[in-house]
Amino acid sequence: MLNAPTTSPTPTPTAPGGLPLIGHGLRLVRDPLPFITSLRAYGSVVRIRIGPTPAYVITDPALTRQVLVTDAAHFPKGGRYYDALRVFLGDGVATVTDGDTHLRNRRLMQPMFSKAHIAERGNAMIDQVRTTVGAWPAAEPRDMFAGMNEITLATFLVAVFGTDLPRGLEGEFTALMPEIMKGTIRQVVLPPWITRLPLPGNRAHADRVARLRSLIDRAIDHHADVTAPASAAAAGASGAEACPHASRAVSRQQAGLFQTLLGAEEQLGRRQLQDEAITLLAGAIETTGTTLAWALYEIAENPAVERRLREELASVCEDRPLRYDDLDRLPYARRVLQEAIRKYGPSWMVTRTAARDAVLGGHLIPAGADVVWSPYLHQHDSSYFPDPDTFDPDRWEADRAATARGPFLAFGDGRRKCIGENFAWVELHIILATVLQVWPRLKPASRPPRPQAVITVKPDALAMEFHPDPAD
């Protein structure tokens, strides 16, 4: 439980290397991952400065769970990370402050992510992935980070907005999202007075966010136009006169998950629909694309892992294409994906705000302070993950996974745990299995990538080749 500050707390250590005015901002920009993981050496709670503002980094995963679960009411969502995300996400379910609005919106959105609703879109997602992956030119180096973001975007759009979205929108989303992510992390780590200046970078970020909202509007309007005839057809099906739009009626699979939200009895306003769609877009694309890029790289670097994956896939599917019902029969693929998430984040810095003076792990956290936690830091803690830099899917076998689950916080925890976790696992499974089915041989075509912290922990450069002949 949260300790009230009635006794003298332990002095909180301050990380070395802070500079006047910018504090540890330069370290967070230049070498964020080495810096954030180095803080474990100074204690369970370590004070840093982002600009002139202090922040308290939690290095003990048990304390992070206390913040997220046990004492969540005292550490609501907030801080620089979410302030920056709100610039383009608005008040979506991931960023809106705790309270009645969050509870209402989460309740409205939850049905979108039920297993039954996702299952209805599963085979349409598989068809989209198989078409996209099958069109890749053989033996040509492909940028895996960009490529996986593109394919996760296409799959997301099919699942959420249906199969009839104008194709031009997909390309515009693909071009915008990476630059918006870069601009967002810049706003997180730089002092607020810099991000408020009318600098070219700040103006460009604002313009891109405005363009993204325009694209989302087009997607929502198109989705509403396509699915409305289906509702009219259903309503008129039992009447004496046939509905004139019946021939245009679309199935639930064609309509997409967003129809659940549009059809809710308690409607969201247009701005809120934009915010929720953008939140889903940001959460479903870059995090999933980053995980898949790293997973494919590790598979190509570990022949034993690749062999076990292909054997599992062959035993389940034999010679036929993947089906949605196959996913639960691919447990080793799940362990490979979970290890990719564990090793590479994908998030590296998340914030909360202390709602009141509190003592956490014996350290005073003053009211209003940013509290920082890092899935990347926790998931590289050798106390829980021996040889944390080693890619080892078997650490997620049942007899070993119990100790690993505590510090595994990639999807958060508590009442603000990622609402789209079920969808993410389905999308990850589908894309990984389909790539392996379509391409019998994959291999790196660039130097070993280095982890680079933006919003996610992405590879700085990763090209791969895909071959139709396993002997190539």
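This is a predicted model: local features need pLDDT of at least 70, side-chain atom pairs count only at pLDDT 80 or more; totals for chains, interfaces and linings use all residues.
Numbering starts from 1 along each chain as its sequence is written, and side-chain values use heavy atoms, without hydrogens or water.

**H7 on H18**
I get about 125° between H7 (residues 144-161) and H18, with the axes 11 Å apart (lines fitted to C-alpha atoms over the stretch in contact; angles run from 0 to 180 degrees between N-to-C directions). Helices are DSSP runs of H or I, at least four residues, numbered from the N terminus. The crossing is right-handed (near helix turned clockwise from the far one by less than a right angle). On the H7 side I noted Met148, Ile151, Thr152, Thr155, Phe156 and Ala159 in contact, facing Phe423, Glu427 and Ile431 of H18 (heavy atoms within 4.5 Å). I sorted this contact into six nonpolar, two polar and one charged (charged is Asp, Glu, Lys, Arg; nonpolar is Ala, Val, Leu, Ile, Met, Phe, Trp, Tyr, Cys, Pro; polar is the rest, including Gly).

**H6 on H18**
Here the axes come within 9 Å and cross at roughly 30°, so I filed H6 and H18 as roughly parallel. H6 also passes H18 in a right-handed crossing. Among the H6 residues in this contact I jotted down Lys115, Ile118, Met125 and Val129; the H18 side includes Phe423, Val426, Glu427 and Ile431. My tally for the contact of H6 with H18 is 11 nonpolar, five polar and three charged.

**Largest pocket**
I read off about 340 Å³ for the largest pocket (an open set of 1 Å grid points with protein on both sides within 12 Å along at least five of seven lines; volume is the space filled by probe spheres on the points). It has 13 lining residues, and Lys115, Tyr324, Asp328, Arg334 and Val426 are the closest to its centre. H6 (115-134), H15 (331-344) and H18 (421-438) each give two or more lining residues. H18 has the largest share, with four. I sorted the lining into seven nonpolar, two polar and four charged.

**Cavities**
I count three cavities of 30 Å³ or more (a 1.4 Å probe fits but cannot get out; lining means an atom within 4 Å of a point).

Methods: Angles under 35 degrees count as roughly parallel, over 145 as roughly antiparallel, 65 to 115 as roughly perpendicular and the rest as oblique.
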